[in-house]
Amino acid sequence: MEGRGWLTVPVSPALRRHRSAMAPLAALLLSLGWARHEAGAEARELQARLEQIAKFKAAQYDCAISIAVEMGSGLSLSAGDPGVFVWGSVTKLVTGAALMQLVAAGKIELDKPVAPLVDPSLARLGLDSMASLFGAEARLVTLRHLLSMKSGIPDYDTATPFPLPPTDPFRADVYAHPADTFPPAKLLNLSWVRRGRLDFSPGRNFSYSSTNFVLAGLMLSSLSGASSWDAYEQADLLSPLPQARQAQYAGIRFSHGSTPAAEGAVGGFDRTNYNGANASARPGVDVSSIAGVFGGWTASDLVGPAAVVARLVYDVFGAQGPRLLAAAQVAEMVPKAKPGTSEFGSIYGLATFNLSIMGVTGQSLLSPFSRAYGHLGATYGYDSIVGYFPGIDASIAIASNIETDAQIQPSDTLCFVYNALLAAVRGVPEPKCAFTKRSYFGGSCECVNHPP
């Protein structure tokens, strides 16, 4: 069955014992012996299972794969490559959470125009104002518009996967000038960004634009009182946590003006067909010394091991222990259901993708275990995904050191990891799963022999 992507392994009787899916999660974890960090035979078996998945998927995609799980019970598991990875747009979730902290503190409002806060920073960069960059309607753009990808502000990232062949002029420039950095002023001054008009009126449409999060970074810098954009410390997001918890974040960094090699990251390789490149060539374009990998600043500069990133995602969304955000702010970030239905329908909330409808859980949308939200991370040489699963109060982070046209390897790996974890928590046999990519953003995790 491996030719179709199936991956199955015998599961011990300890994990096969039936327990009610409706039992409280804490009781399940206690009964499985997981109340202590990585304690018990069941936790060790799950660790071995994750290692097995990481090894299989790394071989399947000829790359390094890193897997990490963080649960409210205190259980933390890691498998695969333990090194530092580049997380690309997963950074947006961090930036969004930092701004939601300021919303909670009353320093900014979601539905008020951001130009009065952004324009002074733009003026210091020699860019005048949002209106000068994007036209008069830019004065109407709110923080909610930025974080929900509904601002109409043009994207600095020119990656165009469809129609075929895929093109990306900005990528070509980044590779042609590997030592060049891309600070906010340079990104915002690009001819296809500074067009003097929006792509659409604020709030009218959804269009993914990383430029939104460059502007969000300027807001954070201004509100923090930093003397310049690069003096803003992105790790300040962690300040609400107790010192003991903050100490567990030693491996996380935010890089600008650097390269993956300088950050000690696992070497990354671009295996895409963008601009006529040959995606079948191995190992691919080595991006280790390309500074433009971190060109997006607060849109794309997170670096760290998967274990620390999983912890960060848990501390944003998780139900237990000290939190980075109050429940009201989490509720704002989580993608909303379609009006008048219980369907978890919107693709994007505030700095947060709806993974439920992107096909990574292998669960019916009617199942309480289908709910998942987080972010994708695709940047030069690296693809990743992070998610929080409220049905089992767990976060999962998966990184790879290759970038592909389909960005399939993180979602494929997540399909297996989540269903292995879910089966272990519920005390039921692990289903047989297979993942098929369906679109640029989504796919289909299909599982058979799944318990009700």
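## Strands and an open sheet

Strands themselves are DSSP runs of E with at least two residues, helices are runs of H or I with at least four residues, and both are numbered from the N terminus. What you're looking at is a predicted model, where local features need pLDDT of at least 70, side-chain atom pairs count only at pLDDT 80 or more, and totals for chains, interfaces and linings use all residues. Residues are numbered from 1 along each chain as its sequence is written, and side-chain values use heavy atoms, with hydrogens and water left out.

Now to an open sheet of 3 strands, which runs in the order β6-β5-β12 with mixed pairing. β6 (285-286) and β12 (402-404) are at the edges with a single partner strand each, so one side of each has no neighbour in the sheet. β5 (residues 269-271) pairs with β12 in the parallel sense, over 3 bridges. Look for Phe269, which stands opposite Ile402 in β12.

Is β10 (residues 382-389) mostly covered or mostly open? It's mostly covered: 8 of its 8 residues are buried (buried means under 20% relative accessible area, exposed over 50%, partly exposed in between, with a 1.4 Å probe and protein chains only). In a regular strand, side chains alternate between the two faces of the sheet. Here Tyr382, Ser384, Val386 and Tyr388 point one way, while Asp383, Ile385, Gly387 and Phe389 point the other way.

β10 pairs with β9 (residues 373-379) in the antiparallel sense over 7 bridges, and Ala378 stands opposite Asp383. The β9 and β10 hairpin has 2 residues between the strands, and Gly381 takes a positive phi near 90 degrees there. β10 also pairs with β11 (residues 394-400), again antiparallel and over 7 bridges, with Ala394 as the bridge partner of Phe389. That hairpin has 4 residues between the strands, and its Asp393 takes a positive phi near 50 degrees.

## Rings that meet

The structure holds 14 aromatic pairs (rings of Phe, Tyr and Trp, the last by its six-membered ring, pair if their centres lie within 6.5 Å; planes under 30 degrees apart are stacked, over 60 edge-to-face, the rest tilted). One of them is Phe170 with Phe182, edge-to-face at 5.0 Å centre to centre and 80 degrees between the planes. This pair links distant parts of the chain, 12 residues apart: Phe170 is in helix α8 (residues 169-176) and Phe182 in the loop between α8 and α9 (184-188). Phe170 is buried at 3% relative accessible area, and Phe182 is buried at 4%.

How are the rings of Phe389 and Tyr418 arranged? Their centres are 4.2 Å apart and their planes at 20 degrees, so the pair is stacked. Phe389 in strand β10 and Tyr418 in helix α14 (residues 408-426) are 29 residues apart, and both are buried.

Lys186 lies over the face of Phe182, 4.6 Å from the ring centre (a charge sits over a ring if NZ of Lys or CZ of Arg is within 6 Å of the ring centre and within 35 degrees of the ring normal). Likewise, the charged end of Lys92 sits over the ring of Phe213, 5.9 Å from its centre.

## A look at Thr352

Thr352 is in the loop between α13 (327-333) and β8 (353-354), and is buried with a relative accessible area of 0%. Leaving aside neighbours within four places in sequence, Thr352's contacts (heavy atoms within 4.5 Å) include Phe317, Met333 and Tyr373.

Definitions and conventions. Pairing = 2+ DSSP bridges.
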